[in-house]
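Please open the structure in your viewer and keep a selection panel at hand. The tour below goes from stop to stop, naming what to select and what is to be found there.

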Amino acid sequence: MLFEKLQKAFEEKDAKAHRALFHEDHEFISHKQNKVFKKSEGSEEQTSEMLNNITADKVRCIYENDEILVTHQFNTYKSGDKEALMIVSLKKDGLIWKTETGATEM
């Protein structure tokens with residue numbers, strides 16, 4: 001399952017392994033920032049910074065099959081901000097292809 005691989009890369013703060021789990025055409029839709037982020041616009045260094053900025057607790061897979069991955073977690077950021085985060089990702093070619101989140105500030 002992709003969920004376990006994603007969690008391992010996140011826990012180990014392995015930016016290269018983390019990025020490898022995302023399709024080359026990956027898009028992250030941020031409703032908070034009203035923007036679409038594309039994998040092609042980011043770098044391994046930016047991924048590393050993101051991984052090191054977040055502490056995730058109570059991470060769990062709600063559902064996963066060949067087409068979708070749905071997870072929930074509680075994030076604490078270096079700024080001290082906290083969120084409950086529902087993450088819904090569509091898959092393509094066995095990789096994460098499109099991601100949207102629903103965040104509730106804590």
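## A tour by selection

Start with Lys13, which is partly exposed, with a relative accessible area of 30%. Bear in mind from here on that the model is a predicted one. Lys13 belongs to the loop between helix 1 and helix 2 (15-20), and although Lys13 is not a glycine, its phi is positive, at about 55 degrees.

From there, step back to helix 1 (residues 2-11) and colour Leu2, Phe3, Leu6, Gln7, Ala9 and Phe10, which are buried. Because these residues cover an arc of only 165 degrees around the axis, they sit on the same side of helix 1. As background, an α-helix has 3.6 residues a turn, so residues three or four places apart point the same way. Now turn to the face of helix 1 directed away from the buried side, where you will find the exposed residues Lys5 and Glu11.

Next, select Asn34 in the loop between strand 1 (22-30) and strand 2 (35-38). Asn34 is another residue other than glycine with a positive phi, here near 50 degrees. With a relative accessible area of 72%, Asn34 is exposed.

Select Phe28 and Phe37 together and look at their rings, which form a tilted aromatic pair with 6.3 Å from centre to centre and 40 degrees between the planes. How exposed is Phe28? Its relative accessible area of 25% makes Phe28 partly exposed, because that class lies between the cut-offs of 20% and 50%. Phe37 also counts as partly exposed, at 30% relative accessibility.

Finish with two lysines placed over aromatic rings. Select Lys98 with Trp97, where the lysine lies over the face of the ring at 4.9 Å from the ring centre. Then go to Lys58, which lies over the face of Phe74, with a distance of 5.8 Å from the ring centre.

Conventions: Residues numbered from 1 in each chain as written. Predicted model: local features only at pLDDT ≥ 70, side-chain atom pairs only at ≥ 80, totals over all residues. Heavy atoms only, no water. Phe/Tyr/Trp six-rings, centres within 6.5 Å; stacked < 30°, edge-to-face > 60°. Buried < 20%, exposed > 50% of the residue type's maximum accessible area, 1.4 Å probe, protein only. Lys NZ or Arg CZ within 6 Å of the ring centre and 35° of its normal. Helix = DSSP H or I, 4+ residues; strand = E, 2+ residues; numbered from the N terminus. Arc of directions from axis to C-beta.
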